[in-house]
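Student: Could you take me through one part of this model closely, namely the places where its pieces meet? I would like one connected account.

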Amino acid sequence: MSAPGTGSRFSRLARNLLPVATGVGMILAWYAVCLGLSADHRFLLPSPREVAQAFAEKGPTLWSAALSTGSGAVLGFGMAVFLSFALALFLSLSALIRASFYPYLMVLQMTPIIVIAPILVLWVGPGLGSVTIITFLICFFPMVVNTTQGLISTDRNLVDFFRMCKASKLQEIFLLRVPAALPYFFTGLKIGATLAPIGAIVGDYIAGNSAGGQGGLGFLTIVYSSQFQMGALFATAAVGCLMGFVFVAGVVALSWLALHKWHDSFSRSDT
Amino acid sequence: MREAQTPIVELKGVEKRYGDGPLVLDNISFSAERGDFVTLIGPSGCGKSTILRLISGLNPVSAGSIVVDGMEPSKAVERLAFVFQEPTLLPWLTVSQNVEVPMRLHGTQAATRTETARRSLELVRLADRMDYYPRQLSGGQKMRVSIARALSVSPRIMLLDEPFGALDEMTRDHLNEELLAIRQQLAWTAFFVTHSVAEAVFLSNRILVFSANPGRLHDEIRVDFPYPRTEETRESEPYQRLVAEVSKILRSVERLKA
């Protein structure tokens, strides 16, 4: 309810400008460090200008690599969304089922991906298949756990109300438990969305297929690091980072669409 | 109102314990005639909410029997409506969709549902809030939606478990009057749990006082003020005398527990 005076307008302006200012400051600091390095160490840290140059030169390569890695990330993430939801529905049915399956889910999560990858390469061959499965394995666990928790945390009174109305088990699940679990589901999705691009790049690094110029960002990482192309490496990292942002933004948008009308986390009075 | 001789709800020697737990209810017997407004009052732990859950068929009795409109409780579900302590609305549905939930679960046609929901909401004077979400309503409004939802199935029996306990006194008094006004039109039998003696005396024609550990029926008080009751009833001397009297009984019951 604060009046739209100059004070609040100034603070809103400051809030919008400060992140930009921080970014500019960091780039300047980066330049300063580059200039401070002695000539024989300068190759260790490319200057912002060199990174920008690498972007210009390798643009098409980076773009096609990002598309390749991105499709692995999307496929793996999508697979994780569907399978984690289905498994969470099953796990939510009883505590006995959860007790008998959770330990093995943990096993899946605890096994290092770096060891699983070569096995996958032998089973399904290098390329999109392996990358998809590795992404899936990395995203899956937090998504199952969150959705399951949501499905079993339904307000006790609401469940009683449904039973009072003689709701069938299916009605109880799909009209009550699933919508009530949506906030949890989206929390899992957000965690998964930050992991998916990383999973795909790691997958591509270990199990990618570079034949016919189909290599993804992981493959580019191998190439540029072996050639000490520091500017290009930094550009590759930036593309990976950007991909992560796109993923998270997508999930945040979906969650806004599903929840903003009714869920308290979107109520205006809280902000 | 008393055209039928058979009681609409009858409890005979009802006992209840959960699992291996202690006895919650011990040998409860009472019956209600059509149109009765029965209030259950007593110290916490006397099992008054449990009685509502048993009548609703939500939980089975451990011993004894309950007959609801000539049937066992779990078969009489379509004659009953339950109003919980909290509004228990689904936050992702609009007010009108919330009122439709019981009908949706029973497979009522969409057109009928919408029309019935609108009429129920008119009864609680919230027809202008049909498309709001629960979080946009006040506590009292949410409770009225909950009551509209209960009314939407045209129940013969309303079970109300301390529905106004969380509201401020002004809102509570107001909703009490509204509840009686609606009952005047629809003539259901009510079982109402409360901690408030004033509320009990204002609403009911019969007050059942329970003692705790285990829950036993201690006393019954008849309230003969004619309906419709209004603000004037509350200000009248006989009303206030009766409130004092029931409070005294309740205090003696609580001492019994200690």
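**Contacts between domains and between chains**

Tutor: In this predicted model, the C-alpha centres of domain 1 and domain 2 of chain A lie 31 Å apart, domain 1 covering residues 1–45 and domain 2 covering residues 46–270. Between these two domains, 7 residues of domain 1 of chain A are in contact with 7 residues of domain 2 of chain A, and the two bury about 620 Å² between them, 75% of it on carbon and sulfur atoms. W30(A), Y31(A) and L45(A) supply 65% of the area that domain 1 of chain A buries against domain 2 of chain A, more than any other three residues. The count of salt bridges between the two domains is 0, and that of residue pairs in polar contact is 1; by class, the side of domain 1 of chain A that touches domain 2 of chain A has 7 nonpolar, no polar and no charged residues.

Turning to the two chains, 22 residues of chain A are in contact with 21 residues of chain B, and the chains bury about 2,100 Å² between them, with 69% of it on carbon and sulfur atoms. Of the area that chain A buries against chain B, F161(A), M164(A) and W262(A) supply 35%, more than any other three residues. There is 1 salt bridge between chain A and chain B, in which the side chains of D160(A) and R53(B) meet at 3.1 Å, N to O, and 6 residue pairs are in polar contact across this interface. Helix 6 (156–164) and helix 7 (169–207) of chain A are the elements that give two or more residues to the side of chain A that touches chain B, and the largest share of that side, 7 residues, comes from helix 6 of chain A. By class, the residues of that side divide into 12 nonpolar, 5 polar and 5 charged.

Definitions and conventions
Residues numbered from 1 in each chain as written. Chains lettered and ligands numbered in written order. Predicted model: local features only at pLDDT ≥ 70, side-chain atom pairs only at ≥ 80, totals over all residues. Heavy atoms only, no water. Domains from an automatic or database assignment. Contact = heavy atoms within 4.5 Å. Buried area = accessible area lost by both parts, 1.4 Å probe. Salt bridge = Lys/Arg side-chain N within 4 Å of Asp/Glu carboxyl O. Polar contact = N/O pair within 3.5 Å; in protein donor to acceptor, adjacent residues only side chain to side chain. Nonpolar A, V, L, I, M, F, W, Y, C, P; charged D, E, K, R; others polar. Helix = DSSP H or I, 4+ residues; strand = E, 2+ residues; numbered from the N terminus.
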